[in-house]
Amino acid sequence: MTDRSGLETASLVPVVLAIGVFGVIYGAAASGVIGPVPAIVSSLIVFSGAAQFSLVGLLASGASGLAVLTVVAILALRHLPLGALLRPRLQGGLAARMGRAWFLIDETAGLAIASGGSAGRTLLVAGAFSYLAWVAGTVLGVMGADLGNLESLAEVVFPVLFVALAALTARRRSDTVRAVVAGAVSLALLTAWPGAGALGCMAVAAAVCLPGRPE
Amino acid sequence: MSIWLLLVLAALITYSSRVATTAVLPAPEGRLGVIIERLPAPLFAALAAVALTDSAAGIDDWPVLAAVAGALAAVRTRSMFLILAAGLVSYGLVGWMVGF
């Protein structure tokens, strides 16, 4: 089933559910550290799993506000390449692009870029559902919802999703080669140095895309 | 710093990073434009590695590896739904076989 944006609607379901599950985990963890209402408000106004989990983890370990914001700023750098990828695909004026930027997370950006239809509409649809799932999950987590073993199932959605996005955005053989190299080098980097994180791996991806010989 | 100020500043930082290249800065051109044009597939492959190593199960967990292998086996379909389904079914099958 494909909607007008070109996004296969059915593919959105596991992604949104996985985001909701992590929302529950976040809500449960955050309410004990920053309180139930700030936990929910953080999901409403930040909408970034990486930033919010780091914020709560750092506060729990006694970090200062400045240290927390520094880490949040470093984590936010990952949005820059994703935004640059989306920019030529988004139609509309500045206000429309600024509105859609709210929904930019790794998963929604990927779905929008891989979409065969309107990237802007896909970003909006996938982003709105992801946002609702994240906030609803946080509320359920704050209320003490029990997930059973859903967490492990949700965790596996993300590597599978990114494999799919890499495959769907590889339009030439050279794209596939670069994707394989970037994936393998990133895996080796993270195994050797887990602190490299997403930013380190994004740097690897950019490095394999450096212009050399023309295609 | 109060928790409310911290949350507002974190929200501002995060949204600023989202809006910067999506809406405010000019579209990349020249050498940077070439990198951006080539970036999607390698970027998502790199993020797959991040997601794989971030998972609590880790990269030495058979069901998780089976999920990735299942997804890779289905990439020729070029269907997001089928790739996701292949990954999740592989995860379930191998998880059932090894008793999670």
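Of the 100 residues of chain B, 48% are buried, a residue being buried if 20 or more other C-beta atoms lie within 10 Å of its own, exposed if 12 or fewer, and partly exposed in between, with C-beta atoms placed from the backbone. The model is a predicted one, in which local features need pLDDT of at least 70 and side-chain atom pairs count only at pLDDT 80 or more, while totals for chains, interfaces and linings use all residues. Residues are numbered from 1 along each chain as its sequence is written, and chains are lettered from A and ligands numbered from 1 in the order in which they are written.

We may begin with chain B, which has five helices and zero strands; helices (H or I, at least four residues) and strands (E, at least two) are DSSP runs, numbered from the N terminus. The radius of gyration of chain B is 19 Å, well over the 13 Å that the globule rule gives for 100 residues, so chain B is more spread out than a compact globule. Here the radius is taken over C-alpha atoms, and the globule rule is 2.2 Å times the number of residues to the power 0.38. Along its principal axes, the C-alpha trace of chain B spans about 50 × 45 × 20 Å. Among contacts in chain B with a separation of 6 or more, 32% join residues 24 or more positions apart, a contact being a pair of residues whose C-beta atoms, placed from the backbone, lie within 7 Å.

Chain A, in turn, contains eleven helices and zero strands. Its radius of gyration is 18 Å, close to the 17 Å that the globule rule gives for 215 residues, so chain A is as compact as a globular protein of that length. The C-alpha trace of chain A spans about 55 × 40 × 40 Å along its principal axes. Buried residues make up 52% of the 215 residues in chain A, and 66% of its contacts with a separation of 6 or more are between residues 24 or more positions apart.

The two chains meet through 57 residues of chain B, which are in contact with 78 residues of chain A. On the chain B side, two or more residues each come from α1 (3–24), α2 (30–38), α3 (40–54), α4 (62–73) and α5 (80–98). The largest share, 16 residues, belongs to α1(B). By residue class, the side of chain B that touches chain A holds 45 nonpolar, eight polar and four charged residues; Ala, Val, Leu, Ile, Met, Phe, Trp, Tyr, Cys and Pro count as nonpolar, Asp, Glu, Lys and Arg as charged, and the others, Gly among them, as polar.

After α5(B) comes G99(B), with a positive phi near 70 degrees.

In chain A, the buried residues of helix α2 (residues 36–45) are A39(A), S42(A) and S43(A). They cover an arc of only 95 degrees around the axis, which puts them on the same side of α2(A); the arc is that of the directions from the helix axis to the C-beta atoms. Their cover includes α1 (9–34), α3 (49–60) and α8 (119–142) of chain A together with α1 of chain B. Just after α2(A), F47(A) takes a positive phi of about 50 degrees.
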